[in-house]
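Have the chain open alongside as you read.

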Amino acid sequence: MSRAGRASPPGGGWRGGGTAVLLAHAVGTQALTFVLRPVMSYRAIELDVPTAWLGVLGAAFAIAPLALAIPAGHGADRYGERRMAVAGAVLFAAASVTFVVAGQSVAGLVLAGVLLGTGHLGCVIAQQALVANTTPRGGYDAAFGRYTFAASLGQAAGPGLIAAFGGGQAIPDTGGVFRWSCLLGVMLLALSAFLPSSPRRSAQDGGGEVGLRALLRLPGLGRALVTSCVVLAALDVTIVYLPALGAERGLASGTVGLLLVVRGVASMVSRFFLGRLSHAVGRRRLLVGSTTGAALGLLLVPLPWPLWVLAALLLVVGFGLGVGQPLTMSWLAEAAPPGLRGRAMSLRLVGNRTGQVLIPSAAGLVAAGLGAAGVLWVTALGLGCVSAAARGLPADRG
């Protein structure tokens, strides 16, 4: 890794017009996702779905996008980021309508989850490819830090809507949240129409298969993909099973929503200062330390703490989980050549989606015997393992 990779200037970032639209698009994408996924769990609880099935509903978000991630990356490289974002926003709107119309059955929830996951894929691939293609070399850490800061803002705002509709109830007004999400979906579609496309869209590798082979030869790729996968899966498990843990402990849905806001705000802070943190300590050390901290925090969350201690632990978890995603994006954007960066981001998302299919489903099996607390403990163990694996990533060169 070059010095530029280790020490992105704290003020570095991408250039070109449309930055405000891109950041607003990232906020909207994550807000929709992070309100609909926990509320999907609450709707399942309303329908008396067994706890073990919550993992299956979580996996529904990732099933179709798992097969579509590489073609989506190729499409972003070939046709431009705006078209990919518009397609994703259309699917977001379709998912919101499906939650309203068919969300009274498990099959309807699964269908809506698949549409939501596919729409999220299209929007995120477009956003990440745009950042990668318009950032000057040496500015990736700060640029992806700001981009994921905007994503974290959306992740914090989404659960806030749960708190608004939940009040002191154990289960929020899921129908009201689903109806409001339709309006948010239309707004996201309007933003997509104004999203710019980068001028770097030609595939210089001579074909998708050749490009993938070139990407797979990058040193440390496997460790980076596994780290990204487990960190994102840990975030998913927190979103899905914190409501279940709260229900087991008798916490009001509004309280659980605020705890999720705390986690999101902590991730936001870590990403806002990512350029400076990476410049000070280097990517590898920052990745290892943040993942270790998140593992320890998640290990302690299920214990019977006072509310303020639980909030402090989720602050630690959120800060640690917030670092892993932008650092792996930055590493891939710097390592991949122009014309392959959309596919590089999609390859990372394939690993992420694989984890989102397998880990929540396995978590559901754990929940059948140990409950939500057992799921969080197993997830903490997984984070500890990838923290150790991340030590083998290519060292920062000074």
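This is a predicted model: local features need pLDDT of at least 70, side-chain atom pairs count only at pLDDT 80 or more; totals for chains, interfaces and linings use all residues.

| Helix pair | Angle between axes | Axis distance |
|---|---|---|
| H9 (residues 221-249) and H10 (residues 253-272) | about 155° | 10 Å apart |
| H12 (residues 283-300) and H13 (residues 307-335) | roughly 150° | within 8 Å |

Start with H9 and H10, whose axes make an angle of about 155°. Since angles over 145 degrees count as roughly antiparallel, that makes H9 roughly antiparallel to H10. The crossing of H9 with H10 is right-handed. On the H9 side, the contact involves Leu235, Thr238, Ile239, Leu242, Pro243 and Gly246, and these meet Val256, Leu259, Leu260 and Arg263 of H10. Sorted by class, the residues of this contact come out as 7 nonpolar, 2 polar and 1 charged.

Now for H12 and H13, which cross at roughly 150°. Here the crossing is left-handed. H12 brings residues including Leu286, Ser290, Gly293, Ala294 and Gly297, while H13 brings Val316, Val317, Gly320, Leu321 and Gly324, among others. This contact has 12 nonpolar, 6 polar and 2 charged residues.

And the cores? The largest nonpolar core holds 55 residues, and the members touching the most others are Phe99, Tyr241, Val301, Leu321 and Leu383. Which helix gives this core its largest share? That's H9, with 12 residues. There is also a second, separate core of 35 residues, with Leu22, Leu215, Leu218 and Leu221 among them.

Conventions: Residues are numbered from 1 along each chain as its sequence is written. Side-chain values use heavy atoms; hydrogens and water are left out. Axes are lines fitted to C-alpha atoms, for helices over the stretch in contact, and angles run from 0 to 180 degrees between N-to-C directions. Helices (H or I, at least four residues) and strands (E, at least two) are DSSP runs, numbered from the N terminus. Angles under 35 degrees count as roughly parallel, over 145 as roughly antiparallel, 65 to 115 as roughly perpendicular and the rest as oblique. A crossing is left-handed if the near helix is turned anticlockwise from the far one by less than a right angle, and right-handed if clockwise. Contact means heavy atoms within 4.5 Å. Ala, Val, Leu, Ile, Met, Phe, Trp, Tyr, Cys and Pro count as nonpolar, Asp, Glu, Lys and Arg as charged, and the others, Gly among them, as polar. A nonpolar core is a set of buried Ala, Val, Leu, Ile, Met, Phe, Trp, Tyr and Cys residues joined through side-chain atoms within 4.5 Å. Buried means under 20% relative accessible area, exposed over 50%, partly exposed in between (1.4 Å probe, protein chains only).
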